[in-house]
Amino acid sequence: MASELILLEMKVSPFAPRVKIALREKGLEFEAREEDLLNKSSLLLEMNPVRKQIPVLIHNGKPICDSFTIVQYIDEVWNHKSPLLPSDPFERARARFWADYIDKKIYPIAKKLWIAPEGESMEAAKKELLESFKTLETELGEQPYFGGKSFGAFDISLITYHCYFHAFERLGNFSMVKECPKLVEWGERCMEKESVSKSLCDPIAIYEEALETRRILGV
Amino acid sequence: MASELLLLDFNFSPFAARVRIALEEKGLEYESREEDLDNKSPLLLEMNPVYKQVPVLIHKGKPISESSIIVQYIDEVWNHKSPLLPSDPYERAHARFWVDYIDKKIYPCGNKLWNLPKGEAQEAAKEELMESFKTLEAELGDKPYLGGNTFNFVDITLIPFYSYFHTFEKLGNLNMVKECPKLVEWGQRCMHKESVSKSVSDPIAVYEAALEIIRDLGF
């Protein structure tokens with residue numbers, strides 16, 4: 001019997017697309033259900049009672065939460081094709097380290113930049129963001145992907161921010177191509193993969209959401 | 001000959017304690033090198049240039065950082081005995097979820113009890129901390145361990161904070177036995193394990209260290 005896979009997600013999220021990319025890399029069919037976080041469904045509250053957050057992958061009725069945990073789960077269950085994590089434990093630890101770095105650094109800084117007033121705060125947020133991106137660029141080096149020769153979990157964790165580049169540039173008044181050319185090149189390479197281009201959010205929609213958030217907060 | 005396993009360590013770090021427990025569970029010989037966090041060694045700065053923090057496990061010269069990533073690495077490399085993570089992918093995802101929950105809640109809320117002056121913010125942190133402990137207690141249920149019948153990754157992640165219960169009680173004016181009796185019982189059960197009792201900090205020493213921080217901050 002085919003697996004039943006339901007993904008509870010949101011239209012604009014750096015986390016949910018990671019799961020979609022992983023599912024598509026494995027060639028898996030799934031049903032995506034969009035949540036309204038101001039009016040969470042009873043299914044979401046039942047499936048993720050602790051955090052009440054998306055994404056949640058429901059596999060044959062059982063929930064798995066937290067995007068990187070879900071990606072690892074998908075990789076372990078459907079381990080016959082397209083490995084997402086390296087087989088070597090040291091390389092696996094490295095992939096986990098950088099996925100964790102992305103969540104610890106990029107996400108909070110992006111949130112700051114989203115609502116930073118023009119001036120000093122915006123400049124500080126932008127500086128921090130670019131510093132983190134440059135650290136990642138150094139880690140990428142001359143490899144085609146963060147996973148080395150092949151696209152993997154580390155790439156999946158970061159590529160979901162590719163669709164946020166446009167918003168970052170407009171809000172922070174800078175050019176990603178000028179500041180982080182290698183990262184932009186890597187992003188475009190990943191976007192050639194169907195699993196990625198089908199899964200990422202629309203950059204314009206993301207920028208519009210940022211503007212709306214700023215308008216509501218009076219920034 | 002240099003030790004195959006070198007742990008850049010800090011006695012009071014609950015994160016380093018997790019690694020010590022995991023190494024003991026696997027019966028591994030290792031060298032522990034205590035870091036002076038006000039005067040970090042060149043080795044630490046070289047092996048963890050991103051965060052410059054302990055713990056770092058150096059295995060045959062290669063560094064692994066971030067305590068939960070190190071514990072998973074240890075489990076994967078020395079997979080012949082004492083499994084620290086479940087073998088079933090769903091159970092493994094479940095364990096990772098709770099490890100992430102503990103990391104996001106316990107230390108960030110807990111350390112506000114000594115890093116903030118008495119007041120609203122500290123009260124809010126204390127409430128969030130207790131809510132988190134009660135959530136963990138509910139997850140424990142009637143099981144002997146958070147890992148179920150056997151001590152596992154989730155227990156290893158939380159147990160170093162058992163040494164902090166005394167500090168939380170004194171600074172937060174709490175009674176952990178009254179608030180979370182099952183969790184206290186769980187803590188005592190884990191402390192019977194030699195890998196734990198050898199590795200975690202002394203509760204009085206933790207409290208004295210917290211008092212020193214409060215004194216230095218002038219609260």
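This is a predicted model: local features need pLDDT of at least 70, side-chain atom pairs count only at pLDDT 80 or more; totals for chains, interfaces and linings use all residues.
**Ground rules.** I number residues from 1 along each chain as its sequence is written, and chains are lettered from A in the order in which they are written. Local features need pLDDT of at least 70, side-chain atom pairs count only at pLDDT 80 or more, totals for chains, interfaces and linings use all residues, and side-chain values use heavy atoms, with hydrogens and water left out.

**Entry: the interface.** I looked up which residues touch across the chains. Contact means heavy atoms within 4.5 Å. By that rule, 24 residues of chain B are in contact with 24 residues of chain A. Next I looked up the buried area, which is the accessible area (1.4 Å probe) that two parts lose on being put together, summed over both. It is about 2,200 Å² for chain B and chain A, with 66% on carbon and sulfur atoms. B:Tyr51, B:Tyr90 and B:Phe97 supply 28% of the area that chain B buries against chain A, more than any other three residues.

**Entry: charges across the interface.** A salt bridge needs a side-chain nitrogen of Lys or Arg within 4 Å of a carboxyl oxygen of Asp or Glu. I found 6 of them between chain B and chain A. One joins B:Glu76 to A:Arg92, with the closest N and O atoms 2.9 Å apart.

Which elements of chain B give two or more residues to this side? They are β4 (62-65), α3 (67-77) and α4 (89-110). Helices (H or I, at least four residues) and strands (E, at least two) are DSSP runs, numbered from the N terminus. α4(B) gives the most, with 10 residues.

**Entry: the core.** I then looked inside. A nonpolar core is a set of buried Ala, Val, Leu, Ile, Met, Phe, Trp, Tyr and Cys residues joined through side-chain atoms within 4.5 Å. Buried means under 20% relative accessible area, exposed over 50%, partly exposed in between (1.4 Å probe, protein chains only). The largest core has 141 residues, and A:Phe133 and B:Phe133 are among those with the most contacts inside it. Helix α4 (residues 89-115) of chain A gives the largest share, 13 residues. Leaving aside neighbours within four places in sequence, B:Phe133 is in contact with residues including B:Ile106, B:Leu158 and B:Met176.

**Entry: A:Ile70.** This residue is in helix α3 (residues 67-77) of chain A. Is A:Ile70 buried or exposed? A:Ile70 counts as buried because its relative accessible area is 0%. Beyond its neighbours within four places in sequence, A:Ile70 is in contact with residues including A:Val19, A:Pro55 and A:Cys65. The C-alpha atoms of A:Ile70 and A:Ala22 are separated by 8.9 Å, though 48 residues apart along the chain.
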